[in-house]
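Keep the sequence at hand as you read.

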Amino acid sequence: MILGWNIFPWVAAVAVLLSVVAAVCSALPSERGRHMAIYSAIGGIVVMAAFVVMLWLTLDRPPLRTMGETRLWYSLFLLLAGALTYIRWRYRWIMSFSTLLATVFIIINIAKPELHDHTLMPALQSPWFIPHVSVYMFSYSLLGCATLLSLYALWRPTKELDMAIERVLISGIAFFTIGMLSGSLWAKEAWGTYWNWDAKEAWAAATWGLYLLALHLTPQRRRVYYVVIIIAFIGLQMCWWGVNYLPSAAGSEHTYTMQN
Amino acid sequence: MSKSRVNTVYEIIVVGVSAIALFAMQHIVGEFPVTLFRFPLNILVAALWCALLVGIYRKRSTSRLSQALLSMRATILALSLIITLGIVLGLQAKPHTESWPVVGAILFVLSHLVLITIRGARDGQHRLRIRFLLNHLGLILAIGAGFWGAPDREELRVIVESDKPTNEAYRSDGKMTLLDYNMQLSDFDIEYYDTGTPSAFKAGVVVDGREQTLRVNHPYNRTLSETIYLISYDTERGADARYCIVEVVREPWRWLSVAGIVMLMAGAVLMFIEGKR
C-alpha cells in the first residue's frame with residue numbers, strides 16, 4: 001500500500017502552516033504570543049509525527065530506509081529541535097529558520113518522493129537499524145540548528161547566542177557520536193568489522209573530526225569557530241547524501257536507495 | 001623572532017619532515033608490513049610505545065618536544081589528521097588503510113591522546129574529569145584496539161558444501177589454511193516479500209558437529225574472538241543452493257574495541273546531560 005504518501009502533501013501543508021503560525025507568534029513580544037507559538041509548534045510536530053507513525057504502520061517496517069524517508073524524519077526533528085531551542089532559550093527567530101529548512105525538505109519529498117515500498121533488504125533487518133538512523137537524524141537537525149545560529153553569529157555575534165550555539169552543538173555532537181558508534185557495533189554484526197573506512201564511514205569520520213575541532217577551539221577564536229561549524233555541516237551533507245554521488249561509493253555497503 | 005615563533009617553526013619542520021619520510025617510505029617500501037607485528041610483537045612494541053609516552057609526559061616541564069605534544073596545537077593537528085584521513089580515504093574506492101602515512105597519522109593521534117589523557121587523569125581539579133576520561137580513554141581503546149590488534153585480525157573464507165564437510169579456509173591473499181573444526185551445509189532457504197524481493201537468506205550450517213543458522217546480521221559467535229558470517233551462496237541454484245560461502249573472522253582484540261565504544265557512548269550521554277564545555 002502506498003496510501004501513506006498520497007496524503008503527505010496535505011499533512012505536510014497542515015504541519016507547515018502550524019509551524020509558520022508558531023514562527024510568527026514567536027516574534028510577538030507578549031507572553032500570550034509565546035504560548036501561542038509553543039502550542040502551534042507542538043501541533044505541527046504532532047501532525048508530522050502522526051504521519052510518520054501512520055507510514056510505519058502501513059509499510060509494516062520502520063520508514064527509515066530511503067533518502068525520502070530519512071528526509072521525512074529530518075523535517076520532523078528539525079521542527080522539534082527548533083521548538084526545543086525556542087522553549088529553552090527563547091530565540092525569537094530560530095523557529096522561522098527551522099520551519100524554513102523543514103519546509104525545504106518537505107518540498108523535496110513532495111517533488112521527488114522516491115520509492116517507498118514495504119520491503120526491507122536483509123542487510124537492514126537489525127535491531128540497530130532504528131536507533132542508528134533516528135539518532136543520526138536527530139543529531140543532523142540539532143547540528144543544522146547550530147549551523148543556522150553560527151551563520152547568524154557571523155553577522156551579529158552576542159554572548160547569549162554563543163551559549164545557545166554551544167548547547168545545541170554539544171547535544172548535536174553527542175547524538176552524532178552515539179549514531180556513529182551504534183553504526184560501528186552494527187557493522188561488526190553485519191560485516192565483521194567495526195570500522196572499514198568505507199566512503200560513508202570515512203566522511204562520517206571527517207565530519208566528526210570537524211565538529212570535534214570546533215569543540216576544541218578556544219573561545220577567543222569565535223569567527224574561526226563559527227566557520228568550522230558551517231564547514232562541518234557541509235561535511236555532514238557529504239556523509240548523509242553527497243557520498244551517493246561519489247565514484248568511491250559505487251561499491252559502498254551503505255547505499256540502499258539507488259538500485260533497491 | 002620571539003621564542004614561541006621559533007618553536008612553531010621547529011614544529012612545522014618536524015611535522016613536515018615526518019610527513020615526507022612517511023610518503024617516501026610508502027614509495028620505496030610499499031605498504032606498511034602490518035602482519036609483521038603479529039602477537040607477541042605488537043604487545044611488545046605497544047608496551048615500549050607506552051613507556052616512551054610516559055617518559056615524554058614526565059619531561060613536560062623541561063622538554064620542548066613534550067610541551068609541543070601536549071599543546072593545543074597538537075590537538076588541532078590530531079583532529080586535522082582525522083579530518084584529512086576521512087576525506088582522502090572517503091574519495092578512494094578501495095581505501096588504502098595500510099599505508100605508511102595512514103599508520104603514521106593514527107600513531108600520532110593515539111600518542112597525543114595518551115599524553116593528554118595522562119594529564120587529564122592526574123588533574124584533580126578537572127571540572128568534567130569523568131566525561132573527559134570516558135571520551136578520551138574510550139577513543140584510545142577504540143582506535144588503539146583496531147590499530148595494535150590489526151596484525152592479529154584474520155578473515156578466512158570457507159566454501160561450505162552440502163556434499164561433504166570441509167575445514168579448508170582461504171586467506172585474503174589466496175593462501176589456504178586448515179581450521180581445527182569442520183563445516184557442512186545442511187539446509188539453505190530464501191524467503192521473499194510479495195513483491196518478489198528477498199526478505200531473508202538462511203543457511204543451516206553444521207559447525208563442529210552442531211547445527212547453526214547463519215543469516216545476514218545474525219552471525220554465529222563460535223568463541224569470544226571468532227565469529228562466522230554468511231556472505232554469499234550458490235546464486236545459480238537459489239533456494240536449492242549446494243554451497244554457501246562463509247567468512248570466519250578472528251579478532252582477539254575485539255572486546256577492547258567494545259569497551260572503548262561503550263565508554264565513548266557513555267561519554268556522549270554525559271556530554272548531552274552536562275551540556276557546557
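Let's begin with a sheet in chain B: strands S4(B) and S5 (residues 210-215) of chain B pair in the antiparallel sense over six bridges. Strands pair here if DSSP finds at least two bridges between them. Helices (H or I, at least four residues) and strands (E, at least two) are DSSP runs, numbered from the N terminus.

**About the model**
- This is a predicted model, in which local features need pLDDT of at least 70, side-chain atom pairs count only at pLDDT 80 or more, and totals for chains, interfaces and linings use all residues.
- Residues are numbered from 1 along each chain as its sequence is written, while chains are lettered from A and ligands numbered from 1 in the order in which they are written.

**S4(B) and S5(B)**
- B:Gly204 stands opposite B:Thr213 in S5(B).
- Two residues lie between the strands of this hairpin, and B:Asp208 in the turn has a positive phi of about 55°.

**S3(B) and S4(B)**
- Strand S3 (residues 176-192) of chain B runs antiparallel to strand S4 (residues 198-207) of chain B, and nine bridges join them.
- B:Asp189 has B:Lys202 in S4(B) as its bridge partner.
- The hairpin of S3(B) and S4(B) has five residues between the strands, and B:Gly196 there takes a positive phi near 100°.

**Where chains A and B meet**
- In chain A, 38 residues are in contact with 43 residues of chain B (C-beta atoms, placed from the backbone, lie within 7 Å).
- On the side of chain A that touches chain B, the largest share, 13 residues, comes from H7(A).

Conventions: Two residues are in contact if their C-beta atoms, placed from the backbone, lie within 7 Å.
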